Amino acid sequence: MTSKPNKTMLFRMFVVLLCVVVITVGVAGYRLCLIMLVRGEKYQGLASEQQLYDSLITAPRGNIYDKNMNVLATSTTAWTVYITPNGINKLSKEDQKEKIKNLIADGLSEILDVDRQTVYEGTEKKSYYVIVKKKIDKETSDKVRAFITENEDYELTRYIGLDETTKRYYPNNNLASVVLGFVGDDEQGLAGIESYYDTDLTGEPGRVVAAKTAYGIDMPFTYEMVEEAKKGNSLVLTIDNYIQYVAEKQLKQAVEDNKCNERGVAVVMNVNTGAILGLAVTGDYDPNNPFALSAADQKKVDALTGDERSAKLSELRNRQWRNKAVSDAYEPGSVFKIFTAAAALEENVVTPNSSFSCVGHTQVAGQPYDCHKLTGHGVQSLYTAMSNSCNPAFITIGQALGVKTFSKYFEAFGFTSKTGVDIPGETSSIYYSKEKMGPVELASASFGQTFKITPMQLIAAAAASVNGGYLVQPHVVDKVVDQEGNVIESGNTSYKRQVVSEETSKKLREALEVVVNGGAKNAYVAGYRTGGKTGTSQKIDLINETGNKSLYVASYVGMAPIENPEIAVLVLLDEPTAGSIYGGTISAPVASAILSEILPYLGFEPHYTEAELSKRAIPVPNLNGLSVGEAKGKVTSADLIYKVVGSGDTVVSQLPAAGDTLYAGGLVILYTDGENAEESEASVPDFKGMTVNEVNNAASDSGINVKFSGNTLESANTRAYGQSIKAGTKVKKGTNVTVYFRDDSVTDFIPEN
Ligand SMILES: [Zn+2]
């Protein structure tokens, strides 16, 4: 017998093998089906636990710059701290798990200033990603890293992670906050231009897809795909930091001095381009922390409980975020006489030589109207009637125009439509349509009552009245630029229409200059020719609602230089309660103070009149090293006065320094070698209520120097109402203090009783 397998055996082996293959494949196939269909979810979960780590990288928002490229808003790197509880829960030893959970809860709650219990509960969750705190700064993130390193033995890198993200930062805190707005948790614009230009500012997020172990930490040498985040475009504003600062400073002081119950507004605009250079609203906030209220507001909230408390909290937050210049309408009062006059001049129903008579009161369709001067203004020209802010004269002008023509100009000056300024929340005006306007409504509308407009509409129309007649669209963004600095979009001047002719505009400039030399004398700016109009109005709807009759809005709009206007300033004080309520008394000086500071800054040269020159600035001579006698002579011949400190024979130093300027009669302190240091300190006097001469004497007695702001030429009724350094402050002798003057006898309105 041979041992060779025969054909039959080979066939049998083949059958057996085939069976084995079929069975194996069958079993495998069954298992595969089981995995794919029945247990699919579970296996997929396991796979993702081992691999999936896909996260978005926040793109930094574009910056916001002022017109001179000073940063107003930027995005800095920040970190999100998260924990991976699934990693902890995978540990086999229960006591080890508990130790790590408590270690993390103790450590992170302390470093991140968050509730310990919340962190602990986070470690119990079934998740790979539980956020402990968002947007922490570098210093805090370094503390977290140090904590992880210090506890190396527990391998905390497996359970604590830091994701890089970005955070909005406003380096100037409250400056221009109401214009800028702020961003939310996810860096989305929530208010102001952060919201209006959100699409431009928002970048494109990047993406990281990385392999991770089942513990949720990055696996070495596995793939990671990065799509880089693309920073958003930047904005260059028309706002000028310095002008914004001046407007905010002067407005804040005025709101405090006049004890205004409501928020104040000051807007500075280029009349030819509509570019807004400054926009101040008091009662603002720090956009780095926009939900925090002022101490005074927080007190109001703390006084309440429950629903009332949350309602108050939300009301006051919304109020501080609200841009009153565009979101709140008010009755402009007599400021509106500019536009009644403009329409009448353009339509030739009056000329500058027309005369208007006022006996102190008039009547329209049975409705009596008083003039604020009850004895009457007598016969006046158009410009004088404007300077007098005479209501009967303007009622006459309104009647000469008639409802149809009055309404035509009301619309043409932009009072029936939004300005379209690039700030969110612009509200609509409220007014009588020409169909509903009767003779009484026309009479009241002629001097600025029975309708409500926004401060932004008012300043845009005021600009049109003096710039040759063109209504321009106000705007705060000059250009949108990409990261390479290429201009993507530019906020070019947009002319809507010509409302009045250049000739009418010229007459209005003349009229408004007459007003500043008369009824609005508190708006006077030494060295500059300006124009403007005052207004005071009662908040009729609120008065009807509350019964409180002393609710006023005092405002002033001014333009400079009036011979070729470039700058308009609007100042609005809402519900002043400290005494005077007249725009001519309390708002005009604020505009004057703002213009006094910004006109020289903008490069407008002052030209002083003879009278102003008598109060001219005198350069202080250099007296160092001179004998006391020589120095005294030099000071006196420069029209200044001196005070000697010390008992030496030679001047060793002086205040103010050589080259500084002083008004005629200003004090120069001569320090000699026997100088007594204590004597060189002075206490700033309280100048409030003093006349010009009294201020000079008080300043000289205390050894400080004063600069005057406001109208000091007609001194009969002129009194100091404010000062740049608070009374009682200790300063070096010879320090300059700016003292603000106004005439408190100015009236432009008769309150209804
Ligand atoms: Zn009058």
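Select helix 14, residues 337–346: 10 of its 10 residues are buried, so this helix is largely enclosed by the rest of the structure. Buried means that 20 or more other C-beta atoms lie within 10 Å of a residue's own, with C-beta atoms placed from the backbone; exposed means 12 or fewer. Helices here are DSSP runs of H or I with at least four residues, strands are E runs of at least two, and both are numbered from the N terminus.

This is a predicted model: local features need pLDDT of at least 70, side-chain atom pairs count only at pLDDT 80 or more, and totals for chains, interfaces and linings use all residues. Residues are numbered from 1 along each chain as its sequence is written.

Stay on helix 14 and show its partners. Its buried residues pack against several elements, including helix 16 (391–412), helix 19 (502–516) and strand 19 (531–538). Then pick Asn348, which follows helix 14 and has a positive phi, near 60°.

Next, the core. The largest nonpolar core has 152 residues; Ala266, Ile459, Ala568 and Ile594 touch the most other members. Helix 16 gives the largest share, 10 residues. Such a core is a set of buried Ala, Val, Leu, Ile, Met, Phe, Trp, Tyr and Cys residues joined through C-beta atoms within 7 Å. Now select Ile104, Val119, Val132 and Val144: they belong to a second, separate core of 18 residues.

Finish at Gly485, in the loop between strand 16 (477–481) and strand 17 (487–490). Is Gly485 buried or exposed? Gly485 counts as exposed because it has 8 C-beta neighbours inside 10 Å.

Note on methods
Two residues are in contact if their C-beta atoms, placed from the backbone, lie within 7 Å.
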